[in-house]
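Please look over the model below before reading on. The report goes through its parts one by one.

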Amino acid sequence: MEFYNQVETINGKSNNIGTYEVFFGDYKKMFDAPNNYNNIKVADVQNVAKKYFAKSNRTVGVLKTNTEE
Amino acid sequence: MKRITQKLIVICLFLFTFSNLSAQGFKLPEHTKFKLPNGLTIYLMEQHDVPVISVSAVLPAGAIYDQEKNGLAFLTAKALKHGTKNFSKSKLDEEIDFIGAFIGTDASKEFASVSSKFAAKDQDKMLNLIKEILLDPVFDVAEFEKEKSRLLVGLEQQKESPRAVIGDYFDKLLYGNHVYGNEIQGNNASVEKLTIDDVKSFYNTNYKPNQAAISIVGDFSTKEMKSKLTALFSKWKKSENELENLATKSIDYPAENLVMLVNKDDAKETTFFIGAKGIPRNNPDFVAIEVINTLFGGRFTSMLNDELRVNTGLTYGAGSRFNTLKNGGSFIISTFTASKTTEAAIDKSLEVLNKLHTNGIDEKSLTSAKNYVKGQFPPRYETTSQLANLLTQMFWYNFDASFIENFEKNVDSLDLQNANQIIADYFPQNIFQFVLVGKSADIKKIAEKYGKVTEVNIK
């Protein structure tokens with residue numbers, strides 16, 4: 001639905017066409033997007049999670065009260 | 001050779017005329033309108049660009065029907081999603097969420113609305129859920145109490161933000177006892193008293209098909225959709241007697257300058273509205289007024305923002321707008337400034353408005369505003385949700401396709417003489433209502449300069 005929402009406007013259409021052309025090499029691939037989303041399996045998500053949500057990829061920020069003041 | 005050239009000329013001429021024709025103005029896409037025997041008005045518009053469907057429904061169930069129970073219309077609209085005959089609240093939320101769909105319920109000043117968007121393939125499931133929400137809500141008491149305490153906390157939080165409450169104060173000041181003065185979300189005292197029985201009785205009185213409309217726009221076949229909706233919504237019982245619409249009573253706009261001073265003890269700045277009587281939505285000069293207001297206070301480079309932000313640095317932003325309702329409306333200049341520059345900012349705002357009246361506008365700025373308004377127009381009616389909303393707005397405010405189809409003409413035909421007439425007719429000149437939210441101790445003297453002051457503490 002998010003993809004559909006985007007391509008409802010001329011702004012979203014041009015943005016997506018450009019994005020697919022630049023990042024995926026061909027604007028025509030945009031038309032396969034709904035199908036590609038449909039084909040994603042649980043295992044695919046797990047693989048991506050394993051690859052990217054690794055400790056070495058982690059950045060941690062800590063918010064702390066300044067107690068000295 | 002000569003013949004070929006002739007042919008080319010003919011083709012060129014043809015193309016020229018054709019492209020000219022297609023550039024001639026906007027057209028409201030074709031749609032069907034029909035009424036069920038129970039009085040429900042239905043609009044269907046096919047749009048096959050993207051496989052989605054948007055729904056917009058309006059019902060005579062806004063804050064103007066609250067009677068003494070301010071906030072009731074709002075809570076009732078929210079409570080529609082607290083579960084239905086066949087779906088508990090969590091089941092309902094899950095069903096909608098799982099397919100990436102959306103259903104929202106809300107109440108505004110005049111009407112309650114249900115809006116929804118989903119993938120075309122999910123239409124049967126979603127149309128059924130919309131029907132459940134509208135026709136078969138069960139009003140779970142535990143969920144109601146949660147919603148009510150959330151609303152009370154929300155109202156409490158709004159006191160922190162002058163901008164969140166100033167509109168309610170202004171509407172009270174301008175509309176007085178007329179129902180257009182009703183606060184949409186109510187106030188602490190009124191909401192505290194609301195019960196689940198109030199909600200049920202409000203629902204039973206106001207959620208009826210005969211003064212309501214549903215519009216559906218998107219990727220479907222009109223013929224199929226028509227029979228689906230007829231099957232789903234024909235069981236909806238119409239009300240026995242016509243709902244009394246208190247909003248049609250005449251509005252007593254104040255005849256003198258009034259100032260509502262809203263004290264916020266910890267304020268370092270003053271947030272203010274300067275306003276007056278405006279126009280109802282179906283005013284025939286609606287478009288022309290929009291053009292002039294764009295110039296005066298609508299866009300970033302407007303006269304107001306130029307003077308108060310750019311030239312004097314009194315504020316971060318200043319603007320004006322016409323808030324239009326069915327039977328009336330308001331005009332508002334709004335901005336905010338540091339407590340100590342309160343007087344300078346109010347005087348400057350009035351000065352810019354006065355300049356609009358005395359100097360009028362020139363050809364160059366009128367052209368620029370016209371271009372701006374035309375350029376902004378098409379993306380406002382682009383998506384299925386925008387079109388669905390447009391159709392229910394047309395129903396509620398009683399305007400037709402000519403708003404879209406004559407839009408360019410109405411903008412283009414506005415010449416300097418008309419423009420200056422519009423200014424004289426619709427932009428206030430003598431009587432203003434002021435709401436100042438700020439630290440009373442610092443600005444009370446200033447407030448008294450502009451009219452009779454009523455002082456209250458931020459609610």
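## Chain A

This is a predicted model. Chain A has four helices and zero strands. Along the sequence the pattern is α-α-α-α. The radius of gyration of chain A is 19 Å, well over the 11 Å that the globule rule gives for 69 residues, so chain A is more spread out than a compact globule.

The box around the chain A C-alpha atoms gives the dimensions. Along the principal axes, those atoms fill roughly 60 × 30 × 25 Å. Burial is given as a share: 4% of the 69 residues of chain A count as buried.

## Contact between the chains

Chain A meets chain B through six residues of its own, which contact 10 residues of chain B. On the chain A side, four of these residues are nonpolar, one is polar and one is charged.

## The sheet of chain B

Chain B holds an open sheet of six strands. The strand order is β1-β2-β6-β3-β5-β4, with mixed pairing. At the edges stand β1 (32-35) and β4 (102-107) of chain B. Each has a single partner strand, so one side of each is left without a neighbour in the sheet. From one strand to the next, the twist averages 10 degrees.

A helix also packs on this sheet: α4 (residues 123-135) of chain B. Helix α4 touches β3 (52-59), β4 and β5 (112-119) of chain B. The direction of α4 makes about 165 degrees with that of β5(B).

## Strand β6 and its partners

Which strand pairs with β6 (residues 213-218) of chain B in the parallel sense? Strand β2 (residues 41-46) of chain B does, over six bridges. Two bridge partners can be named here.

Is β6(B) mostly covered or uncovered? It is mostly covered, with six of its six residues buried. Ala213(B), Ser215(B) and Val217(B) point one way from the strand. Ile214(B), Ile216(B) and Gly218(B) point the other way. The residues of both sets are buried.

## Two domains in chain B

The domain assignment of chain B gives domain 1 (32-245) and domain 2 (258-457). How far apart do the C-alpha centres of domain 1 and domain 2 of chain B lie? The separation is 29 Å.

The contact between the domains takes 29 residues from domain 1 of chain B and 24 residues from domain 2 of chain B. On the domain 1 side, five elements of chain B are listed as giving two or more residues: β2, β3, β5, α6 (162-175) and β6. By class, this side has 18 nonpolar, seven polar and four charged residues.

Conventions. Residues numbered from 1 in each chain as written. Chains lettered and ligands numbered in written order. Predicted model: local features only at pLDDT ≥ 70, side-chain atom pairs only at ≥ 80, totals over all residues. Contact = placed C-beta atoms within 7 Å. Nonpolar A, V, L, I, M, F, W, Y, C, P; charged D, E, K, R; others polar. Rg over C-alpha atoms; globule rule 2.2 N^0.38 Å. Buried ≥ 20, exposed ≤ 12 C-beta atoms within 10 Å, placed from the backbone. Pairing = 2+ DSSP bridges. Axes fitted to C-alpha atoms, helices over the stretch in contact; angles between N-to-C directions. Domains from an automatic or database assignment.
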